[in-house]
Amino acid sequence: MRKKTAFLTLALALGLTTSLAACSSGDDAGTDGSGSGSGDSASSVANKDKPLVWFNRQPSNSSTGELDKAALSFNDDTYYVGFDANQGAEVQGTMIKEYIEENIATVDKNGDGIIGYVLAIGDVGHNDSIARTRGVRKALGTSVEKDGNIISEPIGTNADGKATNVQDGTLEVDGKEYTIRELASQEMKNNSGATWDAATAGNGIGTWASSFGEQIDVIASNNDGMGMSMFNSWSKDNDVPTFGYDANSDAVAAIAEGYGGTISQHADVQAYLTLRVLRNALDGVDVDTGIGTADEAGNVLAEDTYTYSEEDRSYYALNVAVTAENYEDFTDSTMVYEPVSKQLDAAKSPEKKVWLNIYNSGDNFLGSTYQPLLEKYDDLLNLKVEYIGGDGQTESNITNRLGNPTEYDAFAINMVKTDNAASYTSILNQ
Ligand code: BGC
């Protein structure tokens, strides 16, 4: 944990800067000695100097994945909160592979020795989606590399195994060799441009089922929203295991009915971190407070639930597989994480106003898991959050509702497209 010590040193330095900023913000509540505000909006702090957290969509180039360091270090109190996409992708791929190995007799239904799977892709330009596609292809041996990276593009259809962006994999189970084939994959984007679209996936599985029928042995999905849509419209009735991602409550419950499994990206930890980094900056305390170091109320995260990358200014929650073996521990995806569930003292952490947007009000994960968690943590952290839901298509649909940033003390942003950080920072810079 040497890295963490170095981080703490830096955090202390940052903490100092932040408390100076908080003291000079013109808040007149100096009497409690905490250096924090009165609960009124910190209107004299320039918008460009207010705490900012990006979450769920990391500022980055959607073609190359390169991080947008300018956005990630917009000011001294800027962070990203997400989860470890590569670790999660590996966990998802391994979960699917192990399921096939353990259930081979029921998986290869038509007994042709070929395990065919179809893959629902969320957003070809979103690094979480890219990582998950790669993770599944890697674990199943179907990946092909280009310039040192696994190709993550959808292939359309591949009935004969001749597609060039994937290859047939092989898997030996109980002394018998099986072929694994990606029969089809597609980005689930609707006609208006919204990605990760569950309805599109529900229709997509119908089309795939009519072309491939019994050849489909497994369904993999970049998330549970699309996975559940395919499960409900086809795979449940046809006993084909579907694997998703997010551990939304409906998907976890469906494991009892044959949904193959999902991944918890520890949304309970992410939602907490999203608001906690803002709270700490507003209070002018070390950013590690209530995260790696217990706060006065006793809130602290367990070390195995997240990592912090100082270089990326990013907190990443860790992922866990949710399968038939352990799903009962995950039935309520909106339950706060107990070690960080204690109310902060309003005298030291007075009410502050936060503007927060969700890129698409129709997104299953953000709507049914993340936002309910945020709404619980905002009370515990004494933050008054205004939640804005976007249409998932244009940044302006959201930025239009950030007309008066001066009203708010801090900002939490979930972009439509990971390239578009400047659409927001340009408003804060005005
Ligand atoms: C989730 C998806 C969600 C996406 C939105 C991902 O981390 O797994 O379910 O649609 O975030 O950006």
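Tutor: Axes are lines fitted to C-alpha atoms, for helices over the stretch in contact, with angles from 0 to 180 degrees between N-to-C directions; helices are DSSP runs (H or I, at least four residues) numbered from the N terminus. The model is predicted: local features need pLDDT of at least 70 and side-chain atom pairs pLDDT 80 or more, while totals for chains, interfaces and linings use all residues. Residues are numbered from 1 along each chain as its sequence is written.

Student: At what angle do helix α3 and helix α5 pack, and how far apart are their axes?

Tutor: Helix α3 (residues 85-102) and helix α5 (residues 127-140) pack at about 35°, with axes 8 Å apart. Ala89 and Gly93 of α3 and Ala131 and Gly135 of α5 are among the residues making the contact (C-beta atoms, placed from the backbone, within 7 Å).

Student: What makes a set of residues a nonpolar core?

Tutor: Its members are buried Ala, Val, Leu, Ile, Met, Phe, Trp, Tyr and Cys residues joined through C-beta atoms within 7 Å; buried means 20 or more other C-beta atoms within 10 Å of a residue's own. The largest such core has 62 residues, and Val53, Leu278 and Val354 have the most contacts inside it. Helix α9 (residues 267-283) supplies its largest share, ten residues. Another core, of 46 residues, lies apart from it and includes Trp208.

Key:
Helices (H or I, at least four residues) and strands (E, at least two) are DSSP runs, numbered from the N terminus. Two residues are in contact if their C-beta atoms, placed from the backbone, lie within 7 Å. A residue is buried if 20 or more other C-beta atoms lie within 10 Å of its own, exposed if 12 or fewer, and partly exposed in between; C-beta atoms are placed from the backbone.
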